[in-house]
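Hi,

Here is the structure I promised to send over. Have a look at it first, and then read on for what came out of it.

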Amino acid sequence: MIRQVARQRYLIDFTLASMMRRKVKNVVLFGVYFLIVFVLASVMLFGSAIRREAALLLANAPEVTVQKLVMGRHDMISGEHLEALSAIRGVRRAEGRLWGYLFDRGNGANYTMMVPPASDTTHAVGPGEAIVGSGIDRVKTIGRNEYLFLIAPSGRFFKFTVKERLPEGSGLVAADLVLISEADYRALFDLPDGVYTDLALSIRNEKEVATILGKAAKAVPNSRFVTRSSIARTYESIFTWREGVLLALLGAAILSFAILAFDKASGLSAEERREIGILKAVGWETSDVLTSKFWEGALISLGAFLIGLIAAYAHVFFFQAGLLEPVLKGWAVLYPDFRLTPHIDPLQVTTLAFFTIVPYTAATIIPIWRAAITDPDTVMR
Amino acid sequence: MIELQDVTKVYNEGRQNAFAAIRGVGITVGNDLTAVFKGPSGSGKTTLLTLIGCLARPTSGRVTLNGETISGLPEKFLTEIRRKTFGFVFQRFNLIRGLSARENVMLPAYPLGLDHAALTRRADELLDHLGLGSKGGLSVEHLSGGEAQRVAIARALVNDPEYVIADEPTANLDTKLTAQFLDIVRTLRAEGKTVIMTSHDPRIWQADIVDRVITLEDGLLTADERGAHAA
Ligand SMILES: Nc1ncnc2c1ncn2[C@@H]1O[C@H](COP(=O)(O)OP(=O)(O)OP(=O)(O)O)[C@@H](O)[C@H]1O
Ligand SMILES: [Mg+2]
């Protein structure tokens, strides 16, 4: 047992020494490897984090949203339709929603302003109170209380007592969320009573959506109905399309890398071949040679993989995927400012590891194995 | 004791460029003596050494070591036999560049997983013994030809083999270094090791420590004479 450990130590020492001898080649290889893992992992982490956010978001979204259209554009909708809508068979509840964005000139941030629905009793807010997301850094502590000061579009100042802060990690929309009472909302945006941003229907049975939409269209003319499943589809298609473009580009990059690796590996240099012959001739077993080369491959591929993954994690979750922005930005129109919640999908990481480490290791090991099982007499020449 | 029975070696067997380098050789190399193979270039000396040292398998015939047939054994056993029984000094020394002299000497012992300090000590002793005590830490590409050869000899001895096999050991050496090499062989011989060499060099086959001189021509043994020592 101790011998086996000592033997591995010798083999690793030898491996490190022989990697040092081919420093430039190994550094280049490591760099290329790192870059590929970094970009791939960035796209993957970003994609899965966004999907997760979208799923969280959709879980809380109403089955059907009714929007008023005026000249083809979304406008405030009157609450007078609520009665007719809730009378439709299969509709459990119809509620008016108030939400919108407030641009904070002070620090250039965009807040999502919202009135919690009457059905949400855990987030009830009274007049002059606010519940804020973890990303709101405008909050000032004065005395024992925390206050949030906002400037309305009209230029008026508003002061809210912060009743509660939403916990970190509750999703990207929650980060910049400000919940206030209906009266405050109407005052802030100068809204008359009885109008809403949109109307939300909650439905007893998802299968009845089509029938209900038909009846609702008669009850509320000049309106648009957005279903939860259509939002989900839109999200999906945006992310998948963009990811697809990126992954196709990366596929090409990976392929060239694989070719490079294979070329390097199958064409063992005369020097490497001679070295294997020497090791065999002085009494190394085929397995010793392979183990040493395995350590070499593992150090490069595993090292580059781990560092690439960590760098990608930092890139996506601490630096908002800045380098991917030009390609993946489109979706940000949906939510102006965001901070992704750190999250890792073990299955994806395993897949990535499999597709980067295994081909490389195989590509290096196989030719070495072929060289190592042949008789070592060539070193005599 | 190594015995070759009617051994042949055909390179590229079954192909257009097949070449029979050894064409039926029977020979016994006993323990405790120094033997030299001579013969013209291309006569098969190196090939024969690879067969004796288990670096290659014969195409036909049989190789036995102390009465046991080893020519048909799987690679794993051959490796073990090579490691325990033979030490090789190659014509071009075949040291591994980038490693120090000491590390090159230690290399054959790595698979044994010996204690690091003990192995280092053993390597240093061997180097010291061969007059390279101060060069252990030096990378081998900075060594002179004679120094490199002595590192190669130290490497051949690190696992304390019964047989030392040397192919053209003095091909690159001047008269002084050749004499020095013969001194080393004398010491090995005195320690009871069998030294088997090939050489073009009359200074080797005429040396006073050589027990036996075997001539090879065209893959066949043509003469087997007693050396100066035996005479
Ligand atoms: N791998 C090989 N493939 C084909 N032919 C080979 C191979 N190795 C050696 N030979 C041939 O076998 C013959 C014997 O070669 P070997 O190296 O044993 O000769 P040698 O007596 O050691 O010669 P030298 O004195 O020049 O070292 C030569 O004609 C050589 O060309
Ligand atoms: Mg030769």
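This is a predicted model: local features need pLDDT of at least 70, side-chain atom pairs count only at pLDDT 80 or more; totals for chains, interfaces and linings use all residues.

**Where chains A and B meet**

Let's start at the interface: between chain A and chain B, ten residue pairs turn up in polar contact, with both partners at pLDDT 80 or more.

What does chain A bring to the side that touches chain B? Helices H1 (2–21), H8 (270–281) and H9 (286–317) of chain A each supply at least two residues of it. H1(A) has the largest share, with eight residues. By type, that side of chain A splits into 13 charged, twelve nonpolar and two polar residues.

The rule also finds three salt bridges across the interface of the two chains.

As for overall extent, 27 residues of chain A are in contact with 35 of chain B. Together the two chains bury about 3000 Å², and 57% of that lies on carbon and sulfur atoms.

**Chain B by itself**

Chain B has 231 residues, 55% of them buried. Its secondary structure is made up of ten strands and seven helices. Of the contacts in chain B with a separation of 6 or more, 67% join residues 24 or more positions apart. The accessible surface of chain B is about 9700 Å², with 48% belonging to carbon and sulfur atoms.

Cheers

Technical notes: Residues are numbered from 1 along each chain as its sequence is written. Chains are lettered from A and ligands numbered from 1 in the order in which they are written. Side-chain values use heavy atoms; hydrogens and water are left out. Contact means heavy atoms within 4.5 Å. Buried area is the accessible area (1.4 Å probe) that two parts lose on being put together, summed over both. A salt bridge is a side-chain nitrogen of Lys or Arg within 4 Å of a carboxyl oxygen of Asp or Glu. A polar contact is a pair of N or O atoms within 3.5 Å; within protein, one must be able to donate a hydrogen and the other to accept it, and residues adjacent in sequence count only if both atoms are side-chain atoms. Helices (H or I, at least four residues) and strands (E, at least two) are DSSP runs, numbered from the N terminus. Ala, Val, Leu, Ile, Met, Phe, Trp, Tyr, Cys and Pro count as nonpolar, Asp, Glu, Lys and Arg as charged, and the others, Gly among them, as polar. Buried means under 20% relative accessible area, exposed over 50%, partly exposed in between (1.4 Å probe, protein chains only). Accessible areas come from the Shrake-Rupley method with a 1.4 Å probe; for residues, only the protein chains shown count as cover.
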